[in-house]
Amino acid sequence: METRMETSVFKRALRVALALFMALYFAPGLIASPQKAYADATTSTNNTARVNDLTGLQSAIGNSSVGTIVVSKTISLTGSASIDGDGKTIQVAAPYADASGACASGATSGYSVFDISPGATVTLKNMTIYGGGTSDTAGGIVLGDSAILNADNVTIARSHRGLSIGSNAKASLANCNIVRNVCGYGAGVLCDGGTLVMNNCSLSENRSTSQGGGAIEIKSSGKFYANNTVIANNCSAEIGGAVNNYESNVYLMNCAVTGNVTTSAANAGGGIGNNAGSFYAVNSIFLDNKYIAGGNSTPVASDIGLYSS
């Protein structure tokens, strides 16, 4: 009896500690509500500028007649940098996915929009990014080891992976959307030993075609903290229709995880696939996440899958 009582007290204490930690880490918020609907930001009424370096990019951003900026190669950011995109679209010449999120037909650009060098500190805001990529790391933004990214009001879409986070790097995103990216695994975000913090964001309609983590693959003892964030309608072929938590740590508070699908197995987790990691959720909604084998098979409810402990 004493052991059961001690276990119950420990669990209650753990829940309280987690709630206090998340409350301190994030500003208070209610249950997540969806961000603005994704739309192709390129319009025929805007001029297009073509640039190949940071100087050209900053000049194009300052030109009020330009709406879309095409980078001919990756923009490398070193040291400290801050870029306000003024609501413009910054993209590779041929994004990896089309506006619907399907892999683009024809040749696509095999490079990312931004590469943030190891140890650099970068702020990005008020922009839409369409990336390219043919390798594991190329896509929208590549964040090098021990680098820091602060992003506000940024949409990353149509990329061969939206965001890659290196070891000991930290990406803090507020009011951001990671949507309609495609990759073999970790289509929205790959967090490989780093930290991802999302506040008032959305991860939606990302698709992993061969492995797990439709929205996020987190591994190598990485950390993912989300508050007031929607994780919806993502799909993977393996563990975690939305999130593959591989030997890492996931903390959700005031979040909604809905409509995500895995085609692997029910224990792979349509919403969250916990693969030998630690997972905590406070005041969050899990709804209509499923395992669908394919064809005309009957969907099986699968909000959280314990793939491996």
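Leaving aside neighbours within four places in sequence, which residues is Leu173 in contact with? They are Ala151, Leu163, Ile178, Leu196, Val197, Met198, Asn199 and Cys201, where contact means heavy atoms within 4.5 Å. Before going further, please note that this is a predicted model, in which local features need pLDDT of at least 70, side-chain atom pairs count only at pLDDT 80 or more, and totals for chains, interfaces and linings use all residues. Residues are numbered from 1 along each chain as its sequence is written, and side-chain values use heavy atoms, with hydrogens and water left out.

**Overall build**

- The protein has two helices and 30 strands; these are DSSP runs numbered from the N terminus, with helices being H or I of at least four residues and strands E of at least two.
- Of the 309 residues in the protein, 50% are buried (buried means under 20% relative accessible area, exposed over 50%, and partly exposed in between, with a 1.4 Å probe and protein chains only).
- Among contacts between residues at least 6 apart in sequence, 72% join residues at least 24 apart.

**Core**

- In soluble globular proteins, nonpolar side chains tend to be buried together.
- Here the largest nonpolar core has 57 residues, a nonpolar core being a set of buried Ala, Val, Leu, Ile, Met, Phe, Trp, Tyr and Cys residues joined through side-chain atoms within 4.5 Å.
- Leu173 is one of the members that touch the most others in this core, along with Phe114, Leu124, Leu196 and Phe224.

**Cavity**

- The count comes to one cavity of 30 Å³ or more. On a 1 Å grid over the protein atoms alone, a cavity is a set of points where a 1.4 Å probe fits but cannot get out, and lining residues have an atom within 4 Å of a point.
- The largest cavity has a volume of about 50 Å³, a volume being the space filled by probe spheres set on the points, with grid points joined across faces, edges and corners.
- Leu173 turns up again in the lining of the largest cavity, together with Ile141, Leu149, Ala151, Val154, Ile156, Leu163, Cys176 and Ile178.
- Strand 8 (residues 148–157) gives the most to this lining, with four residues.
- The lining divides into nine nonpolar, no polar and no charged residues (Ala, Val, Leu, Ile, Met, Phe, Trp, Tyr, Cys and Pro count as nonpolar, Asp, Glu, Lys and Arg as charged, and the others, Gly among them, as polar).

**Salt bridges**

- The whole structure holds two salt bridges, each defined as a side-chain nitrogen of Lys or Arg within 4 Å of a carboxyl oxygen of Asp or Glu.
- Arg180 pairs with Glu205 in a salt bridge, and their closest N and O atoms are 2.8 Å apart. This pair links distant parts of the chain, 25 residues apart: Arg180 is in the loop between strand 11 (177–179) and strand 12 (182–183), and Glu205 in the loop between strand 15 (202–204) and strand 16 (207–208).
- Arg180 is buried at 18% relative accessible area, while Glu205 is partly exposed at 34%.
- Lys290 forms a salt bridge with Asp288, with the closest N and O atoms 3.1 Å apart. Lys290 is partly exposed at 24% relative accessibility, and Asp288 is partly exposed at 46%.

**Backbone**

- Most residues other than glycine have a negative phi.
- Asn168 has a positive phi, near 60°, and is found in the loop between strand 9 (163–165) and strand 10 (170–174). Asn168 counts as exposed, at 59% relative accessibility.
- Ser220 has a positive phi of about 60° and is found in the loop between strand 17 (216–219) and strand 18 (223–227). Ser220 counts as partly exposed, at 45%.

Technical notes
1 Å grid on protein atoms, 1.4 Å probe; cavity = no way out; pocket = protein on both sides within 12 Å on 5 of 7 lines; lining within 4 Å.
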